[in-house]
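Here is a short note to read alongside the model. Please keep the structure open while going through the points.

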Amino acid sequence: MRSRHVLLATLIAALWGFNFVPIKVALDDFPPLLMAALRFTAAAVPAVFLVRRPPVAARWFVLIGVPLGVGQFGLLFIGMSMGMPAGLASVVLQVQAIFTALFAGLLLRERLGARQIAGMAVAFAGVALLGAAQAEGGSPVAAFLMCLGGAAGWGLANVGMRRMNQVTEQPVDAFGFMVWMSLVPPVPLLVLSLVFEGPGALPDSMRHVSLAGVASLAFIAYVATLFGFGAWGWLMRRYEAGTVAMYSLLVPPFGLVSAALLLGEHVGTTRLAGAALIIAGVGAGSVRLPSRLRLAPARTAPSPTPTNEVT
């Protein structure tokens, strides 16, 4: 990648890591399900009137929008509102890479390699360690499980996106798809908000909303979502997916540092160890080395059959 594109990928990772701080701030003003609905509404309007609708069947907006909007962000916001620290939430959410591989194997019949299986084992060991630390520290385990469910929702949405790209004749613009897909989640999220948070959630939030809450919601919708996904999609169209995806491993460190500096969150040794295992497992299972960096096998006596590269 060119140096300026490396800087762009790093900037996106920094924004996505820092994004967990505004989420925590906005949750002081909005209940989680309503906030998720407002986040997608803000991302869709007015951009939907300025961006051309991607040429894909309507069902893909639903099949991807529901697990992404309700699954990932709905559960993530609930977990953080229940007490999940912002920095650790940024780590747990990266387990989506492992869930993506699992769901792709189950739903798309994609085979899991030994490296992926090993990465899953390491990552889920980190998840178990974080869960144990959460319980020992007196924090709600349910909050941790909600964030883990959010990672599963993201993984399911990733598989939907992968399948859509497989059956679509022409490449789908990531930014345009994100804008139009954002029209889907507000409907189920608002229904769930009415059921679980009550009909007074919206008027109460509007009466007591702060400038910090509004600014945080705007950052989440416009900077982290529209700019972040738009720029990420732009990089994906120019470089191999594995090359760009490697930079997503910078999100948890940026998230942990931002939460520590701005929210005063303290992460103990056990939680740091769990976070390190998750990042290492996700990296081992999802990042592919360029072919020129792979080790070539040692040459031996000539053989009538070709020798495969060691991967």
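1. Basis. This is a predicted model, where local features need pLDDT of at least 70, side-chain atom pairs count only at pLDDT 80 or more, and totals for chains, interfaces and linings use all residues. Residues are numbered from 1 along each chain as its sequence is written, and side-chain values use heavy atoms, without hydrogens and water.

2. Salt bridges. The count is two, with a side-chain nitrogen of Lys or Arg required within 4 Å of a carboxyl oxygen of Asp or Glu. Arg162 pairs with Glu110, with the closest N and O atoms 2.7 Å apart. Arg162 lies in helix 8 and Glu110 in the loop between helix 6 and helix 7, so the pair ties together parts 52 residues apart in sequence. Helices here are DSSP runs (H or I, at least four residues), numbered from the N terminus.

3. The other pair. Arg207 bridges to Asp204, with the closest N and O atoms 2.2 Å apart. Both sit in helix 11, three residues apart, so about one helical turn separates them.

4. Helix crossing. The axes of helix 3 and helix 12 come within 9 Å and cross at roughly 55°. Axes are lines fitted to C-alpha atoms over the stretch in contact, with angles from 0 to 180 degrees between N-to-C directions.

5. Exposure. Leu194 is found in helix 10. Leu194 is exposed at 52% relative accessible area (buried is under 20%, exposed over 50%, partly exposed in between; 1.4 Å probe, protein chains only).

Terms used: Helix = DSSP H or I, 4+ residues; strand = E, 2+ residues; numbered from the N terminus.
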